Structures are given as C-alpha cells and as structure tokens.
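Subject: Structure for your review

Dear colleague,

Please find below the sequence and the structure that I am handing over to you. My findings follow directly after it, and I would ask you to read them with the structure open.

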Amino acid sequence: MDKFECDEKTLNGLREFQKDIALTHAKLSIEKAISWFSEEVEELKEGIEKKDNQNIKEELAQCLIWCFSIANSLGIDISKIVEDKINLHLKKYPEHYQKSLSR
C-alpha cells in the first residue's frame with residue numbers, strides 16, 4: 001500500500017456525522033468536551049480490564065463521538081487528519097503495512 005485514501009462514501013459520512021455532532025454539541029466548551037472524552041476513555045479502560053466486549057464497543061463509540069466534538073471545537077476536519085496520519089505511517093513504517101497486506 002503506497003497511499004491511503006478514504007472513499008467518497010466514507011469521507012462524506014464522516015463529514016456529515018461531524019456536522020451533526022457540531023449541532024448537538026454546539027454549546028459545549030472545549031474543556032467540557034475534553035472532560036467527557038477523558039471519562040469515556042476511563043470507562044473504555046475499565047471495560048477492557050473486565051473483558052466486557054459490549055461495553056468496549058459502546059465506549060469506543062463514545063470516545064469517537066467526543067473526538068469529533070473536540071475536532072469541531074478546534075475547526076479540524078477529522079477525515080482529513082485521519083487520512084494524513086495514515087499516509088504518514090505508510091511512509092514512516094512501510095514494513096508494517098506490507099506485512100498486513102500479505103496476510
């Protein structure tokens with residue numbers, strides 16, 4: 001894999017979800033969003049320790065939702081930064097991605 005690009009359906013879905021979260025969380029401060037994100041990360045940790053798969057799924061989703069909210073507060077397009085970060089990893093650690101492709 002030389003370059004990662006989200007397909008248009010994924011990009012549009014992420015952007016639409018980010019807009020929806022922006023409307024829902026519009027009045028929250030960045031500090032409050034970070035506080036709630038931290039709480040969800042702690043709950044995710046507890047779910048992992050308990051090996052509670054259902055709780056892990058729920059908390060991962062909550063963490064992602066709060067990531068979108070924080071990104072909105074900072075004016076950041078999640079889909080763009082994810083794509084950029086994956087491409088940076090492809091350049092920095094190509095051997096990891098080649099191994100996963102050959103499986």
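Please note that the model is a predicted one. Lys 3 belongs to the segment that comes before α1. Although Lys 3 and Asn 87 are 84 residues apart along the chain, their C-alpha atoms are separated by 5.8 Å. Is Lys 3 buried or exposed? With a relative accessibility of 55%, Lys 3 counts as exposed, because the cut-off for that class is over 50%.

The next element is helix α1. Helix α1 runs over residues 8-24 and has 17 residues. From its first C-alpha to its last it reaches 24 Å, which is close to the 24 Å expected at 1.5 Å a residue. Three residues that are buried in α1 are Leu 11, Gln 18 and Ile 21. These residues lie on the same side of α1, because they cover an arc of only 95 degrees around the axis. On the face of α1 that is turned away from the buried side, one finds the exposed residues Glu 8, Lys 9, Leu 23 and Thr 24.

What do the buried residues of α1 pack against? Their partners are α3, residues 53-74, and α4, residues 78-92. For the second of these partners, the geometry can be described further. Two packed helices are described by the angle between their axes and the distance between the axes. The axes of α1 and α4 come within 8 Å and cross at roughly 135 degrees. That angle makes α1 oblique to α4. On the α1 side, the contact is made by Leu 11, Leu 14, Arg 15 and Gln 18; on the α4 side, Ile 78, Ser 79 and Glu 83 take part.

I then turned to the aromatic rings. The structure holds 2 aromatic pairs. The pair of Phe 17 and Phe 68 is edge-to-face, with 5.1 Å centre to centre and 90 degrees between the planes. Phe 17 lies in helix α1 and Phe 68 in helix α3, so this pair ties together parts that are 51 residues apart in sequence. Phe 17 is partly exposed at 34% relative accessibility, whereas Phe 68 is buried, with a relative accessible area of 7%.

Trp 36 and Trp 66 also form an aromatic pair that is edge-to-face, with 5.1 Å centre to centre and 70 degrees between the planes. Trp 36 lies in helix α2, residues 30-50, and Trp 66 in helix α3, so the pair ties together parts that are 30 residues apart in sequence. Trp 36 counts as partly exposed at 30% relative accessibility, while Trp 66 is buried, with a relative accessible area of 6%.

Finally, I would draw your attention to Ser 69, which is located in helix α3. Ser 69 has a relative accessibility of 3% and therefore counts as buried, since buried means under 20%. Which residues are in contact with Ser 69, leaving aside its neighbours within four places in sequence? They are Ile 21, His 25 and Ala 33. Of these, Ile 21 was named above among the buried residues of α1.

With kind regards

Technical notes: Residues numbered from 1 in each chain as written. Predicted model: local features only at pLDDT ≥ 70, side-chain atom pairs only at ≥ 80, totals over all residues. Heavy atoms only, no water. Helix = DSSP H or I, 4+ residues; strand = E, 2+ residues; numbered from the N terminus. Expected span 1.5 Å × (residues − 1). Buried < 20%, exposed > 50% of the residue type's maximum accessible area, 1.4 Å probe, protein only. Arc of directions from axis to C-beta. Contact = heavy atoms within 4.5 Å. Phe/Tyr/Trp six-rings, centres within 6.5 Å; stacked < 30°, edge-to-face > 60°. Axes fitted to C-alpha atoms, helices over the stretch in contact; angles between N-to-C directions. Parallel < 35°, antiparallel > 145°, perpendicular 65-115°, else oblique.
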